[in-house]
Amino acid sequence: MFEKDMKIGFLLDFYGEVLSERKRLVMDYYYNDDLSLGEIAEEIGISRQGVRDLIKKAGEELCFYEEKLKMAERFGKIQEQASELITLLERADAEKNICDKAKELARIAGS
């Protein structure tokens, strides 16, 4: 059975525009619209095997671009770093609030 590789769907977001219009259409139907091979075949007028072959070739093409350009990999790393930065900023803000509260308590206690 032919199974979806969701990594390919992710790569489609990055490199889909460099595919031929036909490959991009088939990939869009398959990954974004979740159509079956049979539904796609009927829609564009080719066999199920033809659809499968287009998906396989387009997937290989997308993997080739990622191997050379690594845009999706870099994007993932940037997302991780941004998430860590947000966590650190939230922690720093919380620590500042704790310090402010402690100073306020010290001020009140000293009065």
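**Loops, helix salt bridges and a positive patch**

Asp34 sits in the loop that links α2 (21–32) to α3 (37–44); helices here are DSSP runs of H or I with at least four residues, numbered from the N terminus. The model is predicted, so local features are described where pLDDT is at least 70 and side-chain atom pairs only at pLDDT 80 or more, while totals for chains, interfaces and linings use all residues. Residues are numbered from 1 along each chain as its sequence is written, and side-chain values use heavy atoms, with hydrogens and water left out.

The backbone at Asp34 deserves a look, as phi there is near 60°, a positive value in a residue other than glycine. Asp34 is also exposed, with a relative accessible area of 53%. On the scale used throughout, buried means under 20% relative accessible area, exposed means over 50%, and partly exposed lies in between (1.4 Å probe, protein chains only). Lys70 likewise has a positive phi without being glycine, with a value near 55°. Lys70 belongs to the loop between α4 (48–69) and α5, and its relative accessible area of 33% makes Lys70 partly exposed.

Lys70 also takes part in a positive surface patch, together with Lys7, Lys68 and Arg74. Patches of this kind gather residues with over 30% relative accessible area and no salt bridge, like charges being joined within 9 Å. Lys and Arg count as positive and Asp and Glu as negative, whereas His and the chain ends are not counted. For Lys the charge is placed at NZ, and for Arg at CZ. Accessible areas come from the Shrake-Rupley method with a 1.4 Å probe.

Turning to charge pairs, the structure holds 6 salt bridges, each defined as a side-chain nitrogen of Lys or Arg within 4 Å of a carboxyl oxygen of Asp or Glu. One of them joins Lys56 to Glu60, at 3.0 Å from N to O. These two residues are 4 positions apart in helix α4, so about one helical turn separates Lys56 from Glu60. Lys56 is partly exposed at 41% relative accessibility, and Glu60 is partly exposed at 45%.

Glu73 is partly exposed at 36% relative accessibility, as is Lys77 at 47%. A salt bridge also links the side chains of Lys96 and Asp100 (2.9 Å, N to O); both residues lie in α5, 4 residues apart, or about one turn of the helix. Relative accessibility is 33% for Asp100, which counts as partly exposed, and 47% for Lys96, also partly exposed.

Tyr29, in helix α2, is by contrast buried, with a relative accessible area of 15%. Although Tyr29 and Ile40 are 11 residues apart in sequence, their C-alpha atoms are 6.8 Å apart in space.

Finally, for anyone thinking about cysteines, a search of the whole structure finds 0 disulfides, taking a disulfide as a pair of cysteine sulfur atoms within 2.5 Å. Cys63 is partly exposed, with a relative accessible area of 30%, and Cys99 is partly exposed at 43%.

Terms used
Patch = residues over 30% accessible without salt bridge, like charges linked within 9 Å, V, L, I, M, F, W, Y side chains within 5 Å.
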